[in-house]
Amino acid sequence: LQGEAGWGSEQPGMVESVPDFNSFVTRTNTCGELRSAHVGQKVTLYGWVQYQRQGLFLVLRDFQGLTQVIIPQDEAHSHLKELLSSAPLESVVRVTGTVSPRPLGQENPKMPTGDIEVKAETAEILNSCKKLPFEIKDFIKKSEALRMQYRYLDLRSPRLQSALRLRSRLVMSMRQYLCNLHGFVDVETPTLFKRTPGGAKEFLVPSREPGKFYSLPQSPQQFKQLLMVGGLDRYFQVARCYRDEGSRPDRQPEFTQIDIEMSFVDQAGIQRLVEGLLQHSWPEERGSIMTPFPSMTYEEALAEYGTDKPDTRFGMKIVDISDVLRGSGVHFVQNALSYPHGSIRAICIPQGVKYLTNKDLESLKESHCTDHALTFSQEIMEIIRKPDGSLKSLLTKFLGEKEKSELIQALNMQEDDVVLLAAGEHKQCCALGALRLLSANLLEAAGLALRDPTAFHFLWVVDFPLFLPKAENPTELESAHHPFTAPHPSDASLLYSDPTKVRSQHYDLVLNGNEVGGGSIRIHNAEQQRFVLEKVLKEDSEVLSHLIEALELGAPPHGGIALGLDRLISLIVDAPSIRDVIAFPKSFRGRDLMGNAPDYVTPEELEPYHIQVSWPLEEKEAKKN
C-alpha cells in the first residue's frame, strides 16, 4: 500500500503508514480485509451484491474485495432471509454480523477473505438495482460504446478500479519526489488562454466580446516558461491539456500530462530528473527499472528501426545492404542507388518460413499499397533461406555466390528466415519500420514469443531536426517539436544560414515503442525567438509578443519536459487503450456517450457570445422534420 514516502522512498527511516479505509464512515471493515484473525468480531460491511446462491449465501463486493455472507435459515430470521435472498445483483446492501471460520474443506484459497465468512444478523437494502445493461465482470465481453454509455457501471470492474488506483498512487509518489525531495513548486496555470501559432489545433471558447475567442491550451508551454522568467526556478503540474485532433484512434481531446520546467538546466539534467522520478514512483509489482536509460539519436532510430519511437524489446533491425548489392546488375537496385539518398535496406524475420503463411507474406508485401503510412516507390521483395542454406528469391538469380554469402552474413540469416527488402530513397526506412512491427504481430499471433509483455524498455531519442518540411508544402518549414525549442549548440550558426540542417535540443522518452514524454531546452533569447517565428516559420510574432517581451526582461536559460500520464499508465497496466485508464474518457470520435456531449445549445444561449450557427442544408431539413 502507498505510504507517505511512496515506492522506493529516498528518505531513510521513514515509516510507511497503512491507509485507514474505515475512517469517517459507518462501516467497521471493508469487504476485502477480513481474515482469520477477525474471527469472533462483530462487523458492519457495506457493498454491492456480486452473487447470491439459492438463499443460502451471497458475496458482497466493495472497492477492496469480496466477502461471503451467510444468510440465516432459522425461522427467527425469516425476514432477513427474505430480504437478502430477494436483493437483485448489484444492489447496495449494509450487513452486520459475526466473522466465523469457513467449515473445513470449504475454504477458498483464490479469495484473500477465503478462510472466513460473515454470518448475517441484520441487513438493509440501501438501494435496489434494476436490470443491468451488462454484467459487472471483466470476462464478460461488451462493446466499448456500451461501456462508455454506462461508464459509472464499468468503473465497478476490478480491472478499471485497479488501474485508477495505481494511477492515483503513482501521481502521489511523483508529487512527493518532485515537491518534497527536489523543491518543485506545484502551480496551476490558466485553462482559458489565446491561440498558439503552429502545433495541434486548439479548441475555441467564445467570449462576450464580439469576434473574440479564448483557446484551450494544448499544453501549459508558455506559462511554464513565464514562471521561469518569474524566478520560480522549478515548476511542475498535473496538467489538463486539450487538442482538437478529430477522429484519431487511441487519442483523447482532453488528456493529462506531468508537466515540468526548470531554470539553469541542460538536457542531461532533465534526463536524470525524469529517470529518478520514474524509478522512485514505479509500482513495485511491475518490477524495477534500471537507470540511466539508453539513448539514441533521431537519425539512428530512423535508420535502424524506421521510426522515431522504436520498440527495442526485439531485434529485426533495418540493415543497409546497399554495398552488398551495389555491384549487381539488378536494374531496380541500380535505379534506386542512382538517387542522392537512394539505398537498399532490409529486415530479417526470424523463423518466418515456420511461423508465417504465404498469405501473411503476401499481406506484408502488399501492405505498402493499402496503408498510406507505408506508401513508397518500390515493391517489397522477399528472400528466403532454405534448410539447405541456399537462398530462394527472384533476386538471387542475378547474384553471384560472393554476393549471396555477403547478404547472408550482413543480415545474419539463419535457416527458415525470411528477408523483406526495399529499395528507394530514405523513406523506405519508414516502410520497413512499419513492416517490422506488422511482422512482429504476425509472429506472435502464430505463437513465437518475441516481445516480453512484462518488460519495460525505456529509451531517450535525441538530436531531432529543429525544423521539418511541411507535408502540404515542402518548400516551407514547421517546427519538429514546437517554436520555442532551442537549436543544438553545435548548430546554432546554421540557424541563420541553413535552418534545414539544424539539430534541436529536443528529446523524447520512448517506452516499448510508444512516446511517453517529450521536452526540450527552450530559446531564452528574444532575438533568436523572433527570428525563428518570423524568418523561419513565417509566423506573426505579434501573437507571442508577451512571451518575447518576457525574454527581453531577464529570462534565465531553462528547459523542461511533459510526460503523457494516460499513455504511461496504460503501458504499465497493459491496457489495450488509454481509455481504459481514464475515469470518464471520450470516444475515439471525441464524444461523451454517457452525457451525450457535445450537444446543441439554443440561439438564446448563443446570443451573449455574438454567435449564430450556420447549419448545413441537410441538417436544416432534418431539423424542420
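How many of the residues lining the largest cavity are nonpolar, how many polar and how many charged? The lining divides into five nonpolar, no polar and two charged residues, where Ala, Val, Leu, Ile, Met, Phe, Trp, Tyr, Cys and Pro count as nonpolar, Asp, Glu, Lys and Arg as charged, and the others, Gly among them, as polar. The model is a predicted one, in which local features need pLDDT of at least 70 and side-chain atom pairs count only at pLDDT 80 or more, while totals for chains, interfaces and linings use all residues. Residues are numbered from 1 along each chain as its sequence is written, and side-chain values use heavy atoms, with hydrogens and water left out.

Rolling a probe the size of a water molecule over the atoms shows where empty space is left. On a 1 Å grid over the protein atoms alone, a cavity is a set of points where a 1.4 Å probe fits but cannot get out, whereas a pocket is an open set with protein on both sides within 12 Å along at least five of seven lines; lining residues have an atom within 4 Å of a point. Grid points are joined across faces, edges and corners, and a volume is the space filled by probe spheres set on the points. On this basis there is one cavity of 30 Å³ or more. The largest cavity holds about 50 Å³ of space, and its lining consists of Met 148, Arg 151, Phe 584, Pro 585, Asp 592, Leu 593 and Met 594.

The second largest pocket has a volume of about 1200 Å³. Its lining comprises 38 residues, of which Phe 63, Gln 64, Gly 65, Gln 161 and Arg 165 lie nearest the centre. Two or more residues each come from β1, β2 (57-62), β3 (65-70) and α4; these elements are DSSP runs numbered from the N terminus, helices being H or I of at least four residues and strands E of at least two. Helix α4 gives the most to this lining, with eight residues. By class, the lining of the second largest pocket has 16 nonpolar, twelve polar and ten charged residues.

The sheets come next. Strands of a sheet pair through backbone hydrogen bonds, either parallel or antiparallel; here two strands pair if DSSP finds at least two bridges between them.

Axes are lines fitted to C-alpha atoms, for helices over the stretch in contact, and angles run from 0 to 180 degrees between N-to-C directions; contact means heavy atoms within 4.5 Å.

A further open sheet has five strands in the order β12-β13-β16-β14-β15, with antiparallel pairing. Its edges are β12 (319-320) and β15 (391-392), each with a single partner strand, so one side of each lacks a neighbour in the sheet. Two bridges join β12 to the antiparallel strand β13 (residues 343-349), and Val 319 has Ala 346 in β13 as its bridge partner.

Helix α17 (residues 565-572) is largely enclosed by the rest of the structure, because eight of its eight residues are buried; buried means under 20% relative accessible area, exposed over 50%, and partly exposed in between, with a 1.4 Å probe and protein chains only. The buried residues of α17 pack against α4, β10, α6 (267-281), β20 (506-511), β21 (514-521) and β22. Asp 574, which follows α17, has a positive phi near 60°.

Several backbone features remain. The peptide bond from Thr 291 to Pro 292 is cis, with omega near 0°, and Pro 292 is found in the loop between α6 and β11. Another cis peptide bond joins Ala 597 and Pro 598, with Pro 598 in the loop between α17 and α18 (603-606). Phe 24, although not a glycine, has a positive phi of about 70°; Phe 24 is exposed, with a relative accessible area of 86%. Asp 233, in the loop between α5 and β9, also is not a glycine and has a positive phi of about 75°. At 31% relative accessibility, Asp 233 counts as partly exposed.
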